[in-house]
Amino acid sequence: MPGLSKFHSNPSSTYSGIPCPPWSMAWAFLRKTVVILWLLLLSCLSLPPTWAQTKIPPEIVKLWADTFGGDLYNTVTKYSGSLLLQKKYKDVESSLKIKEVDGLALVRKFSEDMENMLRRKVEAVKRLVEAAEEADLNHEFNASLVFDYYNSVLINEKDENGNYVELGAKFVLESNAHFSNLKVNTSISSVQLPTNVYNKDPDILNGVYMSEALNPVFVENFQRDPTLSWQYFGSSTGFFRIYPGIKWTPDENGVIAFDCRNRGWYIQAATSPKDIVILVDVSGSMKGLRMAIAKHTVSTILDTLGENDFVNIIAYNDYVHYIEPCFKGILVQADQDNREHFKQLVEKLMVKGVGILDQALSEAFQILKQFQEARQGSLCNQAIMLITDGAVEDYEPVFEKYNWPDRKVRVFTYLIGREVTFADRMKRIACNNKGYYTQISTLADAQENVMEYLHVLSRPMVINHDHDIIWTEAYLDSKLFTSQAQSLMLLTTVAMPVFSKKNETRSHGILLGVVGSDVALRELMKLAPRYKLGVHGYAFLNTNNGYILSHPDLRPLYREGKKFKPKPNYNSVDLSEVEWEDQTEILRTAMINGETGSLSMDVKVPLDKGKRVLFLTNDYFFTHINDTPFSLGVVLSQGHGEYILLGNMSVEEGLHDLLHPDLTLAGEWIYCITDIDPDHRKLSQLEAIVHFLTGKDPNLECDEELIREVLFDAVVTAPMEAYWTGLALNISEESEDVVDMAFLGTRAGLLRSSLFVGSEKVSDKKFLTPEDKTSIFTMNHFPLWYRQAAEQPAGSFVFNLRSAEASDSPGGPVVVTASTAVAVTVDKKTAIAAAVGIQIKLEFLQRKLWAATQQCSGVDEPCPVSCQDSDLNCFIIDNNGFILISEQSQETGRFLGEVDGAVMTQLLSMGMFSQVTMLDYQAMCKPSNHHHNAAQPLSNPIPAFLTATRWLLNELLLFLLEWSAWGTWHGNSGAEAKAVFHHSHKHKKQDMLQPCDTEYPVFVHQTAIRETNGIIECGACHKIFVMQQIPNSNLLLLVTDSTCDCSIFPLVLQEATEVKYNASVKCDRMRSQKLRQRPDSCHAFHPEENAQDCGGTSDISASFPLLLLPLCAWALPPQLLR
């Protein structure tokens, strides 16, 4: 930061840039003229008050601060009852114990509980696998089978005559709290099919009929383990059987786009990890619709990859080029970030030149070979995906050199378009390299044809009958029920493949499908109770790839307008991007390696949406969760976070004080398990505790340690209710506008509050309600007022400005919370027992300040200065530089640096405040490369004409596809094509915000410096300021001279800026391969697999208008349909 010397201006330097004439006389004349003008200027500017500033005596400002601080302290201690609460805990100190928390024992206990919970989910899935395989073994395929089933889309639908439609019989649905209050049927499952799958296809009917055997197993599983969430079977033919049964709603286009075979759980269970190189032909023959189909095919392949896979994409014509030059010669992890990046680059591909395949094949084989030899990538399956409209040159030497005779790299070929000239050659390439050949003639063909490669890769696993258990990364399954918006919660899925056990199909390795069950990560994290982790502690989970599964600082959603949307990379946030102080990645490495241990780290914890920061030293304890790819971490802050307070109280006494109307408990904490037994779901946590303690319901499971602490806290804090009630009764009408409410919270999640005004007069009605998560106990954190108070010196209050519910508009009501912690010390160990505070009206603080600034050192002497003076500005700011009180109401709540950059800059340079740089690796930014000027098309009509022509062609194609279809479509195929096209258009209208890294400043008062003053030279005037700390608070009084304009100084802003990486650094970051643990199992080949089952020519039947469409497309410029 610049020192004070930087503030001095040198007026004579104004002319230092004027070139000197060579003539000495002219130069002498010029110097004299400058001196005379300067003296005249000084004489004009020497008038008061510019240089002869009004003095601001520091001793008077100190008096004001002490007076205001004293009044403030008396008010908040009186109305909060903090001294009484401190005394009540002091009175029972002899019966208290403070126990040091054993972090390693704690993390091991949590891990065991999670392991047991997850094992029950695995057992349920295994029972489904056994039932499905047994049912298939006993089922004979019947091509003429007629069978009615509950179609999730059609159930309860009636025709115009009031009769149930076919496959749409009556299906009882009831709201169920366990399933996010959705209407479900827990006695039977229902069957969903994507729009492009015919619901009466013989394969579908036989599969649905066979899988009816799962219904009793679904129900039995749910009865055995009532914590089970959704159970399902995803068939390789495309249908999806889900329990409990639910009605499915199409999207706005009338399309059911959900295809279970596209889901991560299906793909990971069906195949082993894989390294894939995608080769895309971009020669001139691929123009028009062929290129559109090729791009969609690449995008569909990318959708089948997960974070255990590795990929790269090479486009080829006369030469070979990587569509991401930074990825030249390597494979990158197929996480969501990289997949989306590839999709955007694929959209930009252009066609030109002649396709030369052998160069591209050689490049692909070399990448795969190098990665295998370097022990990088998946170290399992390797494959090349060839997407072209025909191979015209000699390619066999490449296979002889790199792949024959071992054929360790499978080659899958996708012939684009209707031309069949090269079909035999493309099939031969696939069959000779243990791959599969398909022809893709339409956009809607891509989905079914791409899925064929998964069946080939699953063969070795199927033949071996290896039922690998997989766990997915975290995901937000908002697509599952489309318009029936399931509350967006993070899930992981456990899944297993289902095989055909019939001997006659053994060599074909037929995958019947995948069964799975969801686990809400929120439910899993309940096994790490919040009360055991202290005020700032927390637990988190990460995967074998280092990605966050659950963490209180994970922010998977971002706001777009009034809606929240998932971030594109929400499930590939690395542990090092959340625990970013782990610069050397010691913590990350240990957890990925499955180690058990601990380490300490100094951390900066952001609070209040990044406006504030806490400096803590945290102890990290970690261990692996057996039989899963997950590791668990537990964080305890050093100091009071290392201790837990233990009290004891009789049930009778505790119950009496627990039932006061002003008392509530943390709604998200688990005191008793109420979400399993349907009879218990109606109970609140408080009601469940009463049932448990009175023996009314012996089947209730409760956390006895937590209940003991709640009973103890209820008894100790009970006198506060009488104290607050007495104050409320004695409040006069004049003092009614002082305090809205008093409140307290204890480390057991107990909350008490008492109103001093009528509920209609409370300024901030959301405070302490579930709508305001920051002010209550949640699963992830203690209330903000509690966390801040815990880090304040003993007896000191922390003040926070809160904008009330209606104050989004200027001039709305504003309130202040003041809170202080209650600490208990036993045997030299200190623990935080509770925090207590009040909600106070800002107007009251303003009146107190103006009254205090009337004080002077002498009783009878008139005050030489006052905050009422027009030449003074007085501010009350908090320890992070935010203005609580200003004479200008519009400045309330703003950062001081935005109002007075000169003073803030000086305070920073003097060390009164320090600037802390915080990093955010989960930010969303506007892209820097905006589109060209919108006026450009108007100056040149040709681009506008081409754009209009392209739009008309797309609309024509949509119209034709709704009336006819190519390939093996059935039923509503036009709707599917429409959905594909709408999706592609939406993809091009990319969201304005994109994932990025940002840094932002937070400003913190250095408490060692209690007062300061100074003079800032602002060109033509001097600005005087005095700052004084207000005792027993986190507040500061700032008095400045208002007559001197210091706008020449830039404002000091607290805003995030995107971290820009140069091309080299950005490329290095993208190429970097972080440490990860590969899955334990790999099934790449099996000697008994039938490699000649490698695809064939599709059954093609197209209508005449659609046959003409490619001719129309080719007649247009290639840029039009790229």
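The secondary structure of the chain comes to 28 helices and 40 strands in what is a predicted model. Of the 1122 residues in the chain, 54% are buried. Among contacts between residues at least 6 apart in sequence, 73% join residues at least 24 apart. The paragraphs below take up selected elements and residues in turn.

Strand E5, which spans residues 231–235, is mostly covered, with 5 of its 5 residues buried. Gln 231, Phe 233 and Ser 235 point one way from E5, whereas Tyr 232 and Gly 234 point the other way, and the residues on both sides are buried. E5 pairs in the antiparallel sense with strand E6 (residues 240–243) over 4 bridges, and within this pairing Tyr 232 has Ile 242 of E6 as its bridge partner. The hairpin formed by E5 and E6 has 4 residues between the strands, and in this hairpin Gly 238 takes a positive phi near 120°. E5 is also joined by 5 bridges to strand E18 (residues 511–520), and these two strands run antiparallel; here Gln 231 stands opposite Ser 517 in E18.

Leu 557 stands opposite Pro 566 in E22, and the hairpin has 2 residues between the strands, with Gly 561 taking a positive phi near 70°.

An open sheet of 5 strands, with antiparallel pairing, has the order E34-E33-E39-E38-E37. Its edge strands are E34 (883–886) and E37 (1011–1017), each of which pairs on one side only. On average, and with direction ignored, neighbouring strands of this sheet are turned by 20° against each other. Helix H21 (residues 842–852) lies across strand E33 (872–878), E34 and strand E39 (1035–1041), and runs at about 55° to E34. Helix H23 (residues 901–910), in turn, lies across E37, E38 and E39, running at about 125° to E37.

Packing between helices is illustrated by helix H8 (residues 289–303) and helix H9 (residues 336–347), whose axes come within 10 Å and cross at roughly 175°. Because this angle is over 145 degrees, H8 is roughly antiparallel to H9. On the side of H8 the contact is made by Lys 295, Val 298, Ser 299, Leu 302 and Asp 303, and on the side of H9 by Arg 339, Phe 342, Lys 343, Val 346 and Glu 347. By class, this contact of H8 with H9 has 4 nonpolar, 1 polar and 5 charged residues. In helix H17 (residues 651–658), the buried residues are Gly 654, Leu 655, Asp 657 and Leu 658. These buried residues of H17 pack against strand E27 (663–665), helix H18 (685–693), helix H19 (704–730) and strand E29 (750–755).

Two individual residues may be described in more detail. Asn 206 lies in helix H5 (residues 202–211) and, because its relative accessibility is 3%, counts as buried. Leaving aside residues up to four places away in sequence, Asn 206 touches His 139, Glu 140, Phe 141, Asn 142 and Leu 145, and a polar contact of 2.9 Å joins its side chain to that of His 139.

Lys 501 lies in the loop between strand E17 (490–499) and E18, and its relative accessibility of 38% is the reason that Lys 501 counts as partly exposed. The residues touched by Lys 501, again not counting those up to four places away in sequence, are Glu 133, Asp 136, Leu 137 and His 465. Although Lys 501 and Asp 136 are 365 residues apart in sequence, they are 7.9 Å apart in space, C-alpha to C-alpha. The side chain of Lys 501 is joined to that of Glu 133 by a polar contact of 3.4 Å.

Definitions and conventions
Residues are numbered from 1 along each chain as its sequence is written. This is a predicted model: local features need pLDDT of at least 70, side-chain atom pairs count only at pLDDT 80 or more; totals for chains, interfaces and linings use all residues. Side-chain values use heavy atoms; hydrogens and water are left out. Buried means under 20% relative accessible area, exposed over 50%, partly exposed in between (1.4 Å probe, protein chains only). Two strands pair if DSSP finds at least two bridges between them. Contact means heavy atoms within 4.5 Å. Axes are lines fitted to C-alpha atoms, for helices over the stretch in contact, and angles run from 0 to 180 degrees between N-to-C directions. Angles under 35 degrees count as roughly parallel, over 145 as roughly antiparallel, 65 to 115 as roughly perpendicular and the rest as oblique. Ala, Val, Leu, Ile, Met, Phe, Trp, Tyr, Cys and Pro count as nonpolar, Asp, Glu, Lys and Arg as charged, and the others, Gly among them, as polar. A polar contact is a pair of N or O atoms within 3.5 Å; within protein, one must be able to donate a hydrogen and the other to accept it, and residues adjacent in sequence count only if both atoms are side-chain atoms.
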